[in-house]
Amino acid sequence: MAITYTSGEQVEVYRFSIPATILIPLAAVFLQAWLPLRFPFFTIFDLPLLVTIGFATARRSPLAGLLTGSLIGILQDALTHQLIGLYGIAKTIVGFGASSLGIKLDVENAGARFLLTIFFYVVHKVVYFMIARGLAGLRMAWSWPHEFLSCGANALLGVLVFMLLDRVKQRT
Amino acid sequence: MDVLGRYRNLIVLVGVLFAQVLGLAVQVKRTTDSEPTRLIRIWAVGTVTPLEKALVWAQTSTGNIWHNYFYLRGVRAENRSLKAQIERMSLEQVRMSQDADQARRLQALLAFKEQFISQTMAAQVIGSSGSELSRSVYIDKGVSDGIKPDMAVITADGIVGKILRVYGSTSLVLLINDQTSGVGALLDKTRLQGILRGTPAGEVVIEKVMSDEAVLAGELVLTSGGDGIFPKGLLVGKVTKVSAGSELFLNIRVRPAADLSKLEEVLVVTKIDERQAQPDQTGAARAVDILAERLPTVPAKPENAEKGAVAGTTAPAPVAPTTAAPMTVAPTTTGSGAKPKAAPPEASAGRGGPAARKTATPLSSNGTSSATKATAIDAPKVFPKPVKSAVQPKAQPAVQDSPH
């Protein structure tokens, strides 16, 4: 069993099978595009973001985290009519950050996962906002109540997504 | 080498971010004509939309079984109610057709050219963009079905958006509440024109209406036809709030008539025709004639029958007078299993908008209305126009239809 040693702590590193690596992000992007048609409130969630954080914290490899985040983000961008790279850049940073933080912190319990999701949701939102406004010149709406609600809802859903990912991850 | 190995992750991160920022810059710089990301979009859409199509197909099939075989309660009552509604509308149309005739005469005097929707295609909404910043949906029709960019997309309730990108068997529809969308709008009562835009929050507002104009909540908003995409007179929505905006303009909020968050089936306007308005030649219908047609005890006028015989026409008995109807269309819905709920809106009802009327032909619509009418038709069939027995049949105008 491969173990990484960071700051004297032993942290377990997991991996995902190839089908899970491909199908879970695809399913997340698909559900993100399909569910809002049936349940309009679902637009407050960002399933691909949760999957990015989940994969990154489990693998604990910054390289894998940023590449996974980048690919998921670009796939998500390609389904919109906006420029490709907005979600790509934001999720690249989140993937890198989550995996780097995953090395240093224990993210196996639900409370830590809840807080981690809140933190990276905010990071993702801020990075996306800055790029969309600064680079793409898009008008952005910022509503604090909406953001708080969205942040909390994503954190709750994130705990569930992490639990599902726990079932498919394998120890290295 | 040690430094490279130590900072490998950081170097890769910077490289990936730099590549994406560079890609963004290229996309911003490029015009809309050339799309450097086309291939990525085709792959992404080709990966996701087949799943969406399959799921929508399964959902529709299950729903159809339920609705067609099990859920038939209340159909008879609904049928009776609809028949009564048709009766009322037939009488109502007599009054409206007179207004339409007057409008046509005026338009002819002014050499007006009018647009009307001559062909539509039903499509099913299969997915969305999944982003709050991109208010757009995917439909199950694409290049192979003759869909092209900038075609208007409507529903029975009102306009929805326009085709933005077209792929093999799917298309991306930009909704009117997206912040990059723009539609020429016209306020129904005040006749003020403005630009209908979406906001980042997904609301719809009308811009460029001066603050000294009197606009009230509740006023209907129609398309002005100025954008070159939507024909004039289609229903957009209703004004919900009017407040002072910036730079001497009003901030007019509009609630779209079509529910943009729950779209299932839409109609893509695949063909819009334009022609010169022509005044009515045959005279207006009378309410009494409509009643005479429906009540068998009321005899037809004997003089009309005699004149009809002299003129050598086959006079229908009892006489079913008509308004001017250069073409009579039997609508046939097409598409791929998608069934629009109803014909699109009588966008300009009361201002000459065409409506189905009960005449000697089974189904007819007045094609020369000043406003346009969206009909769920693909291949309109032309029937000979029913004529009054006293009037010689006149030549029918050519109907430009190209069925798929």
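What share of the 172 residues in chain A is buried? In this predicted model, for which local features need pLDDT of at least 70 and side-chain atom pairs count only at pLDDT 80 or more, totals for chains, interfaces and linings use all residues. Residues are numbered from 1 along each chain as its sequence is written, chains are lettered from A and ligands numbered from 1 in the order in which they are written, and side-chain values use heavy atoms, without hydrogens and water. The share of buried residues (under 20% relative accessible area, with a 1.4 Å probe and protein chains only) is 55%.

Chain A holds 6 helices and 4 strands (DSSP runs of H or I, at least four residues, and of E, at least two, numbered from the N terminus). From the N terminus, their order is β-β-β-α-α-α-α-α-α-β. Of the contacts (heavy atoms within 4.5 Å) between residues at least 6 apart in sequence, 71% join residues at least 24 apart.

H3(A) is mostly covered, with 13 of its 18 residues buried.

The partner here is helix H4 of chain A, residues 86-104: the two axes (lines fitted to C-alpha atoms over the stretch in contact, with angles from 0 to 180 degrees between N-to-C directions) come within 7 Å and cross at roughly 155 degrees. H3(A) is therefore roughly antiparallel to H4(A) (an angle over 145 degrees). Residues making the contact include Gly65(A) and Gly69(A) of H3(A), and Gly88(A) and Gly95(A) of H4(A).

Methods. Buried means under 20% relative accessible area, exposed over 50%, partly exposed in between (1.4 Å probe, protein chains only). Angles under 35 degrees count as roughly parallel, over 145 as roughly antiparallel, 65 to 115 as roughly perpendicular and the rest as oblique.
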